[in-house]
Amino acid sequence: MARGKKQNPFAARKRQKRANGAPERPDRRAEPYKEIERDNAAFIKYYHLQNICADEEEWTQFLASIRENLPTTFRVTGFKDEAKALLNIIKTQLFTEYVRAVAELHELPAEQVERPLCLPWYPNGMAYQLHLTRKDIRRSEPLFRLHNFLIVETTAGSISRQEAVSMIPPLVLDVQPTDKVLDMCAAPGSKTAQLIEALHASPEQHKIPPGFVLANDVDNNRCYMLVHQAKRLNSPCLLVTNHDSSFFPNLLQTDVATNAKTILKFDKILCDVPCSGDGTLRKNPDIWMKWNLAQAYNLHGVQYRIVRRGAEMLAVGGRLVYSTCSLNPIENEAVLQRIIKDSEGALELVDASHLVPGLKYKPGMTDWKLATKEVDAIYTSFDQVPEQLHTIIRPTMFPLPAAEMSQIGIEKCMRVLPHLQDSGGFFVAVIEKRRPLNFEKNDLEDLLKKAELLEKPEQPEAQLDESGKPVEDEKSVPWGPQRKRRRLHGYKEDPYVFFDEDDADYESIRQFYQLNETLNKRCLLTRCKTERKKNIYYCSDPIRDLVINNESNIKIINTGVKTFVRCENRHTVHPYRLAQEGLQTSNAFIGSSRRIQVEREDLILLLNCTDPTKPPSTLELKPETQQRCKELGVGSCILKYVDEAFTLFIVGWRGTSSLRAYVDRDETIHILRLLGADLSKFEVNKYEKAKEAAAAAAAAAAAAGDAAEQKNDEAEEVMESSEKE
């Protein structure tokens with residue numbers, strides 16, 4: 001072993017066991033997969049004694065439902081112009097194919113197939129539940145077209161696959177385009193996507209929403225998953241950060257009226273806190289094997305600290321939604337009663353059921369019991385808890401006296417149980433802030449001083465030790481000394497470099513695309529400090545203000561939507577092309593000189609060209625489109641198509657004698673679907689491909705066998721002839 005190299009203790013132990021003659025662990029990889037046994041005695045005993053169901057009959061229904069697989073649900077992205085057209089295609093073409101495929105899968109007459117269910121409580125009929133599991137869709141050949149549709153439209157940002165109950169918290173948060181929104185535990189990002197959709201709900205009123213969504217998560221790796229999920233919506237009003245939510249720092253903002261720096265307070269905050277997740281048993285059956293009460297006891301304190309910090313950052317009159325995918329009152333009602341009591345009247349639970357009409361749920365529990373990890377001892381008060389458990393079971397976990405509980409209004413919470421509407425389990429509570437909290441932290445002066453120090457860092461005199469060598473200072477962090485907290489790991493992010501007033505590239509971009517004056521050029525940014533910019537991004541004014549004021553105060557993972565991309569071509573006079581991702585935003589600022597209106601047949605022709613080296617000639621287009629092309633110089637442009645139901649804007653490229661659409665494969669399929677074009681060219685049947693690959697492999701093996709046999713025959717002939725000689 002190399003000197004200084006640490007020995008792996010697990011490998012050493014394994015070698016020792018082998019040397020001692022211990023029997024090898026059997027290799028079970030070749031054995032068939034065993035279905036998880038959906039049973040846990042402690043789980044059943046604990047929830048039965050909590051009386052989460054009204055009677056024994058309902059309890060039986062609850063147990064039967066939670067042991068079944070979860071149906072698939074999806075929702076249509078509501079703020080996009082073509083959403084209604086896509087919804088019509090889903091209701092007609094997709095669901096017709098769905099009925100045919102399910103009938104074939106289950107060998108039933110089409111009349112007996114249960115139709116997809118429109119979720120009655122989701123606005124505008126934009127969400128559907130399919131009576132199929134994820135496994136059914138992924139592994140059944142008759143459903144391959146449905147599977148392809150869900151993958152393509154999700155990637156294109158037109159739909160989102162999301163558990164039904166997970167859609168509830170953003171709905172009851174009631175986000176408006178002007179709201180400053182914080183998602184404290186945002187990853188993997190399905191709820192964040194909903195918040196962004198709500199922010200962009202009035203495009204005719206706001207080109208770019210005045211509000212924003214700040215999405216945060218403590219896990220660095222999950223932050224990138226969050227970025228991937230949210231980026232499908234291409235919003236310039238999103239900022240993704242990586243920080244511990246329970247110690248989230250106060251952020252600075254610039255007051256528009258006075259230009260003074262103030263502490264940012266949010267209008268809406270979503271606290272979808274980490275939890276034991278036993279409401280997701282239908283989706284994650286492995287929880288059956290590892291569920292125990294210790295998880296809830298360990299998480300109670302974390303959940304309280306997160307919601308407390310959220311309440312501190314909430315503006316007076318603002319709304320906070322607390323949610324978990326757990327059924328346990330220790331993680332739900334116990335946390336809420338504690339924060340409401342500690343607020344001393346500053347926070348109030350409110351009823352938000354009118355925002356989800358038709359949703360079936362139970363009210364919050366006013367009484368519950370605690371137990372040991374194995375649920376073999378039950379406690380109704382802290383006095384009954386043995387001293388050795390005092391560090392695990394805390395007094396705040398028990399329900400308050402009935403008189404105090406009645407004043408809190410805990411029954412306004414919503415408990416969604418699986419059997420009520422064939423869904424997962426979930427808990428949601430809505431809190432509004434009536435006045436500032438007594439324990440709110442106001443560190444504006446400290447934040448301003450730190451900002452000044454970063455702008456003008458003072459160089460302290462070097463301190464020398466006895467030998468005359470400089471003494472190294474202790475490692476410091478921008479937000480100053482603090483108690484030991486969870487260490488945040490992850491990649492070092494590239495800087496956020498905003499355009500200056502006299503940026504060298506902006507003037508050429510402005511002239512080529514005839515950008516109007518409403519575009520704030522200082523909101524354009526790059527992620528590198530070189531003069532030769534590769535990608536140029538755009539973010540809204542409030543997001544720019546947040547980044548500039550707080551870049552040293554919190555780790556920023558991502559912001560901005562790609563708007564311009566360097567694309568140097570010997571035939572064009574301008575080095576930057578438009579990016580399809582940012583067209584939703586930049587389209588409002590671009591003049592008429594780089595636009596061309598195309599007909600349906602022309603657009604289908606352009607989209608069906610999948611080889612970028614052989615774009616369609618302008619001579620193949622309709623005479624009207626050819627005439628428009630003559631007026632357009634070489635370079636990036638916007639293709640406009642007007643339909644009765646919607647208008648499409650697509651990035652194109654005008655070549656010297658050609659025109660092409662500059663969109664990726666999934667966006668191409670999405671647009672062709674809206675145009676009612678033939679999609680067979682793009683339809684992939686992975687099962688047929690697998691069969692073809694298997695047949696080709698078998699043919700290759702047979703050919704190799706024949707060749708080997710022929711070689712053997714030739715060798716035998718040679719031997720026979722040599723023997724005769």
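Which residue in strand 22 is the bridge partner of asparagine 535? In this predicted model, that partner turns out to be valine 565. The pair belongs to a stretch where strand 20 (residues 535-538) and strand 22 (residues 561-566) run antiparallel, joined by four bridges.

Zooming out, these two strands sit in an open, antiparallel sheet of five strands, ordered 18-19-20-22-23. Strand 18 (497-498) and strand 23 (576-578) take the edges with a single partner strand each, so one side of each has no neighbour in the sheet. Helix 16 (residues 506-513) lies across strand 19 (524-526), strand 20, strand 22 and strand 23, and its angle to strand 23 is about 50°.

Elsewhere, helix 4 (residues 83-106) packs against helix 21 (residues 665-674), with the axes 10 Å apart and an angle of about 75° between them. Angles of 65 to 115 degrees count as roughly perpendicular, and helix 4 and helix 21 are therefore placed in that class. On the helix 4 side, Ala85, Leu86 and Ile89 do the meeting; helix 21 brings His670, Arg673 and Leu674. By type, the residues of this contact split into four nonpolar, one polar and one charged.

Then there is Cys325, which an unreviewed UniProt entry marks with the feature "active site". Cysteine 325 is found in the loop that links strand 11 (314-324) to helix 12 (333-343). Setting aside neighbours within four places in sequence, cysteine 325 contacts Cys275, Gly277, Asp278, Gly279 and Thr280, along with Gly425 and Phe426.

Technical notes
Residues numbered from 1 in each chain as written. Predicted model: local features only at pLDDT ≥ 70, side-chain atom pairs only at ≥ 80, totals over all residues. Heavy atoms only, no water. UniProt positions renumbered as here; feature names shortened; annotations may be inferred. Contact = heavy atoms within 4.5 Å. Pairing = 2+ DSSP bridges. Axes fitted to C-alpha atoms, helices over the stretch in contact; angles between N-to-C directions. Parallel < 35°, antiparallel > 145°, perpendicular 65-115°, else oblique. Nonpolar A, V, L, I, M, F, W, Y, C, P; charged D, E, K, R; others polar.
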